[in-house]
Amino acid sequence: MAKIGFEIIGTGHYVPGAPVTNHDLARVMSTSDEWIYQRSGIRQRHFAPDGTGPSDLAFEASKRAIEAAGIAAKDIDYILFATMTPDYVFPGSGALLGAKLGIPGVAALDIRQQCAAMLFGLQMIDGLIQTGAAKTILFVGAEAHAGFMPWEDWSVLDPNSAREASPEDRARADKHRNLAVLFGDGAGALIFRATDRDAGLRGLKLHSDGRSAELLYVPGGGFRARPYWRADSYENQEHVPRMDGRELFRFAVTKLPQTARALCEQQGVKLDEIDWFLAHQANKRINDYIRDQLGVPSEKLPSNIDRFGNTSAGTLPILIDEQMRAGNLKRGQLSMVLALGAGIHWGCAFFRF
Ligand SMILES: CC(C)(COP(=O)(O)OP(=O)(O)OC[C@H]1O[C@@H](n2cnc3c(N)ncnc32)[C@H](O)[C@@H]1OP(=O)(O)O)[C@@H](O)C(=O)NCCC(=O)NCCS
């Protein structure tokens, strides 16, 4: 049976509020613009205000994607929602988004593959379309990491405020500064639809390895504990993820080039036949390293980490929205999508636009 193609018919993204610069972060922890930029390529990020969850960010991004697609929300027959910072422990955020979009009743599936969620999403979309289970699919990645940042007084970040961080806030933020400087909030939405064209998923390699789960994980709030949330969990800052940055870095720069080469071999595609390398943005140095390893020219691997930081599941949809709106990703072009996220989950996909 011939494979049914699918294409992106509309995209959108949304980031909350004014950007928080590296200089602003230095008001609450011992860090500097120089350290953060040199180690990660990040200059600024956005943070969701208190009371705003990923479903709210996703709602804004989805409205933009729906408008760009020239469809109505009611045309969507499946929602895939990717986040590692859901509105609630349960239920997931997908159904909340459906309600906000005015399409209650439409099936909504939550994906929790963190920064690698887009790859799992592409596999789901392909499956839903090939089986005829859905025709018009909204894929959203959205994150509100602000909820795990280790300080309490957010007004200190305001460059116009004379407030200074309390010694307790500074100590908490310093303890987690390697992690806190990397993440930012935002949402990206992509609408996929079946097409007669030769477009869509054209090869995928996916991997998961739970042996390395504790390289990046949230120690608190899990159901191994009774009750699953306790006062001392907060005192021990167990809501803040623990991250072994060096080991994750090593994992990413080893596994992603390996997987990219394996996918090329499997599909009989040469690296120089690929038009775009759409890579998750965890650290610009990781992507520079992958680019060097694969011999990819810098203009083929777009970067936006300087403006958003790592928006986890939001990153790839935000990047794709920016690149599509700029007119860079053209019909018929072949892209390789690369990502690695907590889990650890990682992989590469060929997506033809
Ligand atoms: C986090 C990361 C930027 C840290 O860079 P690094 O070169 O590994 O730095 P290290 O953690 O070894 O720390 C080096 C020094 O900088 C200090 N440091 C850590 N964070 C800092 C910050 N925000 N500002 C200033 N100094 C900082 C450390 O305390 C350490 O000081 P020391 O040498 O006096 O002990 C880097 O490891 C990374 O990006 N890893 C991948 C993370 C990732 O991709 N996560 C998401 C996966 S989806």
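Biologist: What does the side chain of Glu143 make a polar contact with?
Modeller: The side chain of Thr83, at 3.1 Å. Keep in mind that this is a predicted model. The Glu143 side chain also reaches the backbone nitrogen of Met84, at 3.0 Å.

Biologist: Where is the place of Glu143?
Modeller: Glu143 sits in strand β6, which covers residues 136-143.

Biologist: And is Glu143 buried or exposed?
Modeller: Buried, and without a salt bridge. Arg112 is the nearest side chain of opposite charge, and it is 10 Å away. A salt bridge needs the nitrogen and the carboxyl oxygen within 4 Å.

Biologist: Which residues is Glu143 in contact with, leaving aside neighbours within four places in sequence?
Modeller: Among them are Pro54, Leu57, Asp185, Gly186 and Thr311. Thr83 and Met84 are on that list too.

Biologist: Let's move to the sheet. In what order do the five strands come?
Modeller: The order is β1-β7-β6-β4-β5, in an open sheet with mixed pairing. β1 (5-14) and β5 (108-111) stand at the edges with a single partner strand each, so one side of each has no neighbour in the sheet. From one strand to the next, the twist averages 20°.

Biologist: How many bridges join β1 to β7?
Modeller: Nine, and the two strands run antiparallel.

Biologist: Nice. Which strands does helix α3 touch?
Modeller: Helix α3 (residues 54-69) packs on the sheet and touches β1, β4, β6 and β7. Its direction makes about 125° with that of β1. Helix α5 (residues 117-130) packs on the sheet as well, touching β1, β4, β5, β6 and β7, and its direction makes about 165° with that of β6.

Biologist: Back to charges: how many salt bridges does the count come to?
Modeller: The count comes to 19 salt bridges. One of them pairs Arg211 with Asp209, at 2.8 Å from N to O. Arg211 is exposed, with a relative accessible area of 75%, whereas Asp209 is buried at 13%.

Biologist: What about helix α10, where do Lys284 and Asp288 lie in it?
Modeller: They are four residues apart in α10 (residues 284-294), about one turn of the helix. Lys284 forms a salt bridge with Asp288, with the closest N and O atoms 3.1 Å apart. Arg291 also forms a salt bridge with Asp288, at 3.3 Å, and those two are three residues apart.

Biologist: Is Arg291 buried or exposed?
Modeller: Arg291 is buried, at 17% relative accessible area. Asp288 counts as partly exposed at 22%, and Lys284 is partly exposed at 32%.

How values were computed. Residues are numbered from 1 along each chain as its sequence is written. This is a predicted model: local features need pLDDT of at least 70, side-chain atom pairs count only at pLDDT 80 or more; totals for chains, interfaces and linings use all residues. Side-chain values use heavy atoms; hydrogens and water are left out. Buried means under 20% relative accessible area, exposed over 50%, partly exposed in between (1.4 Å probe, protein chains only). Lys and Arg count as positive and Asp and Glu as negative; His and the chain ends are not counted. A polar contact is a pair of N or O atoms within 3.5 Å; within protein, one must be able to donate a hydrogen and the other to accept it, and residues adjacent in sequence count only if both atoms are side-chain atoms. Contact means heavy atoms within 4.5 Å. Two strands pair if DSSP finds at least two bridges between them. Axes are lines fitted to C-alpha atoms, for helices over the stretch in contact, and angles run from 0 to 180 degrees between N-to-C directions.
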